[in-house]
Amino acid sequence: MARDSKVGNKDNDLSRLRLAFFPIYDSELSQFIPMCGLVFFTIFAFHLLRSIKDPLITTAPGSSVEVLSFLKIYLVLPITILSSILYMRLRRSYGLYDAYNLIIGVFISFFFIFAVFIYPNAEYLHPSLEQLESWQNAYPSFKYPLVMVGLWTYCLFYVFSELWGTFALSILFWQIANDTTRSDQAKRFYPLYVMSGNLAMLALYPTLDHIAHNPVNDVQEASGLVVLSGMVLIGIFTYIHKNLLPTLLAENGETDSKKKKLSFSGSIAVLMRSKYVGCIVLLVLSYGVVINLVELIWKSELNKLFPVRSDYLAFNRDYILMTGVATIFMNYISKGVIRKMSWITGAIITPISCGVCSLLFFIFVLNKDILSSFLVTLNIVPLAFSVWFGAYGVLISKGSKYSFFDPTKEMVFIPLDDDLRTNGKAAVDGIGGRLGKSAGGLLASTLFMVMGSPPALEIAPILAVVVFVLTIVWIVAVIRLSKLYNKKLQENMHQELDKREGTVSVSV
């Protein structure tokens with residue numbers, strides 16, 4: 001049974017100032033601070049990998065940004081699905097502690113091997129540029145997929161970087177948070193967990209600044225920092241497991257013994273029958289497709305403006321800093337919105353902001369030729385304006401995602417029973433989340449092959465229509481899930497009252 005509120009609303013016990021900035025009780029600090037450390041280092045590594053993985057692929061000789069669409073659908077998606085199946089089987093046999101250490105250990109091992117052995121010898125492991133170009137000339141419709149073959153070690157780095165976001169952050173961290181947080185705490189804790197992640201983005205600025213000025217060892221240094229972050233994460237979670245989980249589980253009437261877990265096929269069957277989880281899947285799918293289609297066009301402009309990897313990394317340094325600052329501001333707003341207002345108020349902000357910003361960007365890039373002459377009269381380079389216009393749109397979209405979408409999405413898992421919460425989350429984030437990103441890649445990659453491998457901008461009109469339709473679907477799914485979530489909370493509240501009344505009757 002998921003943990004529901006066991007205490008009344010204690011907002012009045014905190015001063016207004018503390019309630020606004022840090023609504024955590026002193027007795028909760030021993031639980032709250034280690035979790036903040038866990039999310040800080042998880043997101044530090046997440047954004048470090050995100051900053052390096054794209055330019056590693058797109059600025060390599062013979063490559064381009066269009067390759068990313070093929071990577072997401074034909075390599076990242078199947079590996080993520082396979083990894084999700086293995087994760088569910090792992091959780092059926094082992095507890096969260098062993099599963100966490102094993103998965104983070106695999107990441108540590110890969111990035112260590114990549115930094116020490118693979119990357120320094122990449123030129124010997126890849127086919128020559130001349131060989132790659134001859135393949136592309138022979139099979140022009142497969143120009144972009146062939147790059148994946150030519151840069152297979154870089155693609156492997158890209159896959160593991162994507163898997164870090166899926167497993168270390170979306171599944172493992174939030175699984176720990178959901179297992180240790182009551183519903184009444186979630187409204188206060190989750191926005192502050194996101195805030196800790198925002199601080200990690202700010203702390204990343206000097207790191208990326210150093211890496212951007214050392215292009216020879218940039219990938220190796222980034223991989224080394226991920227290894228160190230992984231080791232710190234294992235240490236923090238070991239402390240949480242040994243010192244906090246026994247007390248928290250006892251308070252919630254649970255034990256640390258292994259619970260019966262559903263098989264993968266069984267969990268998928270439950271998900272197919274659950275309208276509740278189906279709505280969560282629609283939210284995740286919609287966000288994944290929309291943001292990836294927008295980023296495809298934006299990154300194609302970005303790659304034109306910054307064709308050199310060090311320049312691309314310098315841009316990412318500034319962009320992540322701005323995203324962190326903007327998200328901190330949004331997160332401050334989200335704490336009050338989620339705590340004081342209804343769930344739907346916080347949840348619907350992301351599809352609206354993401355849809356509006358995305359459509360405005362498409363309108364600009366599709367009419368860039370008309371607007372270029374006007375921009376030139378203002379001494380503004382059209383390409384630079386396009387990049388920064390898209391950057392601010394994506395920044396607002398992701399800022400609202402981190403501040404509103406992530407906390408509200410995680411909140412809806414809490415009222416579910418243990419099996420559905422564990423397997424449902426793995427399926428939604430591991431399969432649904434990746435499918436959302438890969439569905440955009442499938443659409444784009446199919447258009448590229450059918451149209452003879454054109455530049456990304458030529459398929460932008462079709463992508464704009466898809467973004468508009470999915471935004472509407474997303475909003476409808478939020479409204480539907482809000483009704484189901486409130487109903488589930490009421491059911492759990494009645495069950496808790498019935499349980500307490502039964503306990504009192506037995507005592508009497």
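Visitor: How many aromatic pairs does the count come to?

Guide: This is a predicted model, where local features need pLDDT of at least 70, side-chain atom pairs count only at pLDDT 80 or more, and totals for chains, interfaces and linings use all residues. Residues are numbered from 1 along each chain as its sequence is written, and side-chain values use heavy atoms, with hydrogens and water left out. Rings of Phe, Tyr and Trp (its six-membered ring) pair if their centres lie within 6.5 Å. By this rule, the number of aromatic pairs is 40.

Visitor: Which kind of pair do the rings of Phe114 and Tyr119 make?

Guide: Planes under 30 degrees apart count as stacked, over 60 as edge-to-face and the rest as tilted. The ring centres of Phe114 and Tyr119 are 6.0 Å apart and their planes stand at 35°, so the pair is tilted.

Visitor: Which kind of pair do Tyr144 and Phe448 make, and how many residues apart are they?

Guide: Their ring centres are 5.4 Å apart with the planes at 70°, so this pair is edge-to-face. It links distant parts of the chain, as Tyr144 is in helix α7 (residues 143–150) and Phe448 in helix α18 (residues 418–450). Helices are DSSP runs (H or I, at least four residues), numbered from the N terminus.

Visitor: How many residues of α2 are buried?

Guide: Buried means under 20% relative accessible area, with a 1.4 Å probe and protein chains only. α2 is mostly covered, and of its 30 residues the number buried is 24.

Visitor: What volume does the largest cavity have, and which residues are closest to its centre?

Guide: A cavity is a set of points on a 1 Å grid over the protein atoms alone where a 1.4 Å probe fits but cannot get out, and lining residues have an atom within 4 Å of a point. Grid points are joined across faces, edges and corners, and a volume is the space filled by probe spheres set on the points. For the largest cavity this is about 850 Å³. Of its 47 lining residues, the closest to the centre are Phe46, Arg50, Lys401, Tyr402 and Lys437.

Visitor: Which element gives the largest share of the lining of the second largest cavity?

Guide: The second largest cavity holds about 70 Å³ of space. α3 (67–93), α12 and α18 each supply at least two residues of its lining. The largest share, 5 residues, comes from α12.

Definitions and conventions: Buried < 20%, exposed > 50% of the residue type's maximum accessible area, 1.4 Å probe, protein only. 1 Å grid on protein atoms, 1.4 Å probe; cavity = no way out; pocket = protein on both sides within 12 Å on 5 of 7 lines; lining within 4 Å.
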